[in-house]
Amino acid sequence: MSTDLLLAELRDAARAELGDAVALRRRLHENPELGLVLPETQRAVLDWLADVDCEVATGGQTSAVVATLRGGRPGPTLLLRADMDALPLREETDLPFASRHEGRMHACGHDAHVAMLAGAARVLARRRAELPGTVKLVFQPGEEGFGGARVLIDEGLLDAEPRVDAAFAIHVDSSLPLGRVALRPGPILASGDLLSIDLQGRGGHASMPHLAADPIPVACEIVMALQSFVTRRVDAFDPVVVSVTRIQAGTTANVIPPTAHLLGTIRSVSERAREAARDGVRRVAEGIAAAHGVDAKVHLVPGYPVTVNDAGFAEFARGVAAELVGEEAVVDMRAPIMGAEDFSYILQRVPGAIVFLGARPPGEAGEPLHSSRMRIDEDAMATGIALHAAVALRWLHGAAKPA
Ligand code: NI
């Protein structure tokens, strides 16, 4: 079959799934769940897959669902991934299907990711006999800081037979115009490490600071010095962001407190810069504290690694997207985004790519992801379903070419 015909068929098939996919997305949107254990979300996915011709497995420690579509012919295995979890914030949209749970919201579009992958499962299952290889559709909990992908990998996600050869994911973007697909080869999202500094000084009377060891000016100096460190010691073309986002110290006006605590985040888009930033932050904080007779304990908690799109896979995915949505709707991202994503763990192990799908409602400015007013145009989901299916079919056929 010509690729034009295939893509036209997939576009129609995806469009036909849109109504059900929107209903599923709204069901999830009303009932957002947090973390690694998402029983309602898992139930919704299992309900959907009950009618789909595939093998279904569920996670061990998590509510993950893996649907395996074995093709009629042998070939490689592609993993398609949708994250499932919501965020701990109060929804402030007036949508009729707004969150029914105070303090929880699908503000990162993972509800749409689940529904798009569910739609793609149906589209691909109908073509199962013609698939030269296997598609594993992975519904993954705990993306928002819980490292769900890491847990699934530890449980054998990539090693279970048939072993995964490549991986693909889509993330909706509520501020990118509807229907656009944005991506880049190489780093596309940052690493995100947690920074915490405990300063131990000596408390005393605010009128006699020379008898104390005041941690507050030390904390302030560290914050400023970290910014100087970033601009003076980090290559401008291999960027690092250090943000101190919380400072805690003291109780009242006339007491010098004995301790101060700083909390923040370190972002980078290469493992080399990440290492250099972690070393530098430690050196700067400890050195400044020591200069003032205060003790600094620097804790660096490793978060998600840099998300790196494989150059070859990204080029392939770009080509499929261009055929599907038109060359003019493909956005070649100039730079990575400093957010972090646990799909990075999967891309450390197998080649693949994550792309952004524009879902900004036409005529609106577009609230960013993680905003309490974030909304998407659900029409984008038809493109997402078709893109998942097209990438899977084209990749299996391409990768399965006889030598
Ligand atoms: Ni997200």
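This is a predicted model: local features need pLDDT of at least 70, side-chain atom pairs count only at pLDDT 80 or more; totals for chains, interfaces and linings use all residues.
Which residue lies over the face of W48?

My topic today is aromatic rings. A pair of aromatic rings is described by the distance of the centres and the angle of the planes.

So, the opening question. R122 is the residue over the face of W48. The distance to the ring centre is 3.9 Å.

Now to rings that pair with rings. The count here is four aromatic pairs. Take F313 and F316. Their ring centres are 5.4 Å apart. Their planes meet at 75°, over the 60 degrees that edge-to-face requires, so this pair is edge-to-face.

Where do these two sit? Both belong to helix α7, which covers residues 311-325. They are three residues apart, so about one helical turn separates F313 from F316.

What about burial? F313 has a relative accessible area of 5%, so F313 is buried. F316 comes out at 22%, so F316 counts as partly exposed. The cut-off for buried is under 20%.

Next partner: W395. The ring centres of F313 and W395 are 6.4 Å apart. The planes are at 40°, so this pair is tilted.

This pair links distant parts of the chain. F313 is in helix α7, and W395 is in helix α9, residues 380-399. The two are 82 residues apart. Buried or exposed, these two? Both F313 and W395 are buried.

Methods: Residues are numbered from 1 along each chain as its sequence is written. Side-chain values use heavy atoms; hydrogens and water are left out. Rings of Phe, Tyr and Trp (its six-membered ring) pair if their centres lie within 6.5 Å; planes under 30 degrees apart count as stacked, over 60 as edge-to-face and the rest as tilted. Helices (H or I, at least four residues) and strands (E, at least two) are DSSP runs, numbered from the N terminus. Buried means under 20% relative accessible area, exposed over 50%, partly exposed in between (1.4 Å probe, protein chains only). A charge sits over a ring if NZ of Lys or CZ of Arg is within 6 Å of the ring centre and within 35 degrees of the ring normal.
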